[in-house]
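Please read them with the sequence and the model at hand.

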Amino acid sequence: MAGILVNTILPPQPPLLLLPVSSSRTRPIRRTLVMVKASSEPSDSASVSTTKPSEPVVFTAPPGFKPPKPQRFAVKPGKLFDLLGASVGLLFRFGTGVFVSGYSASFVSEDEVPPDQYAFRLGGITVKESSKLGPRPEKPIEIYEFEGCPFCRKVREMVGVLDLDILYYPCPRGSPNFRPKVNQMGGKQQFPYMVDPNTGVSMYESDAIIKYLSEKYGDGAVPLSLTLGPLTAITAGFAMIGRMGKGNMYTPAKLPPKPLVFWAYEGSPFCKIVREVLVELELPHIQRSCARGSPKRHELLKKAGHFQVPYLEDPNTGVNMFESAEIIEYLKQTYAA
């Protein structure tokens with residue numbers, strides 16, 4: 001455990017508002033040209049360009065692939081311990097990121113909720129959930145981070161509380177694209193790093209990012225579990241014990257031209273094990289946050305005819321699918337080098 005904290009927790013730095021600068025520590029980058037842009041037009045900083053152009057890679061679904069049917073709360077063989085390990089973080093972090101700001105729930109009769117609207121139904125019990133959201137950004141906020149970083153987890157939890165859609169650029173250790181890009185934009189490889197294309201603000205430091213997001217896209221309030229200083233970082237580090245470094249190191253992969261769309265939230269262990277693979281493969285993805293109380297639960301129900309997370313939309317292959325174990329296998333077969 002000490003090793004995890006030593007390797008992942010960085011010394012605190014004052015919040016910075018940064019413009020791209022050069023650094024004497026920046027090493028030359030020799031890679032093929034890669035342009036990654038979300039369909040919602042992220043900022044220019046989101047593109048990755050290097051010295052050599054290359055022919056575009058065409059991605060297709062694995063041979064014979066068929067999206068699986070969703071099975072509620074089903075655990076595939078061999079995945080039980082992965083899910084239990086991914087659930088450990090909920091205990092250490094007191095469930096932060098599971099509920100949207102202003103969450104409320106009430107028991108209602110089944111007829112009170114139309115079939116095309118989400119409600120939690122179990123054994124004849126119907127629970128209607130709601131929340132109170134702040135202003136919505138026009139473009140997805142961009143965050144450079146990785147799963148094995150406790151400071152990054154803090155920001156992801158706040159993203160869930162605010163129900164924000166985020167364009168994530170994974171930066172696992174040893175990755176060739178977005179980790180060096182952060183160095184180019186901000187002058188150092190420190191994570192998380194946020195770029196808000198709606199305001200032009202860029203910054204390091206998890207606490208500064210959380211404060212900015214809460215004031216800009218919430219009511220300014222930050223959950224108590226995210227305001228405990230070093231204790232917050234320590235518990236976020238302990239939250240990774242069950243996964244032992246997953247989502248930390250780069251696995252060689254082919255970078256797609258378009259970010260994937262990932263419906264998920266930080267508190268779900270099913271979503272967690274998929275996101276670890278997205279990060280390890282350095283796959284950019286727009287995460288459509290849908291913690292409890294999120295109105296995007298209604299959106300997914302209308303779109304897919306069923307609500308369950310994780311749900312993956314891959315614009316590079318046209319594949320849309322539920323089921324965490326099958327999504328992991330699909331990602332590895334499609335993008336691993």
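1. A salt bridge, taken here as a side-chain nitrogen of Lys or Arg within 4 Å of a carboxyl oxygen of Asp or Glu, joins the side chains of Glu299 and Arg288 at 3.0 Å, N to O. This pair links distant parts of the chain, with Glu299 in helix 8 (residues 296-304) and Arg288 in strand 9 (residues 285-289), eleven residues apart; helices (H or I, at least four residues) and strands (E, at least two) are DSSP runs, numbered from the N terminus. Glu299 counts as partly exposed because its relative accessible area is 37%, where buried means under 20%, exposed over 50% and partly exposed in between (1.4 Å probe, protein chains only).

2. The model is predicted, so local features need pLDDT of at least 70 and side-chain atom pairs count only at pLDDT 80 or more, while totals for chains, interfaces and linings use all residues. Residues are numbered from 1 along each chain as its sequence is written, and side-chain values use heavy atoms, with hydrogens and water left out.

3. Arg156 and Glu145 form a salt bridge through their side chains at 2.6 Å, N to O. Arg156 counts as buried because its relative accessibility is 3%, and Glu145 counts as buried because its value is 1%. Both residues also belong to a network of salt bridges, whose members include Arg93, Glu147 and Lys272.

4. Lys76 and Glu323 are joined by a salt bridge between their side chains at 2.7 Å, N to O, and both residues are buried.

5. By the rule given above, the count comes to 23 salt bridges.
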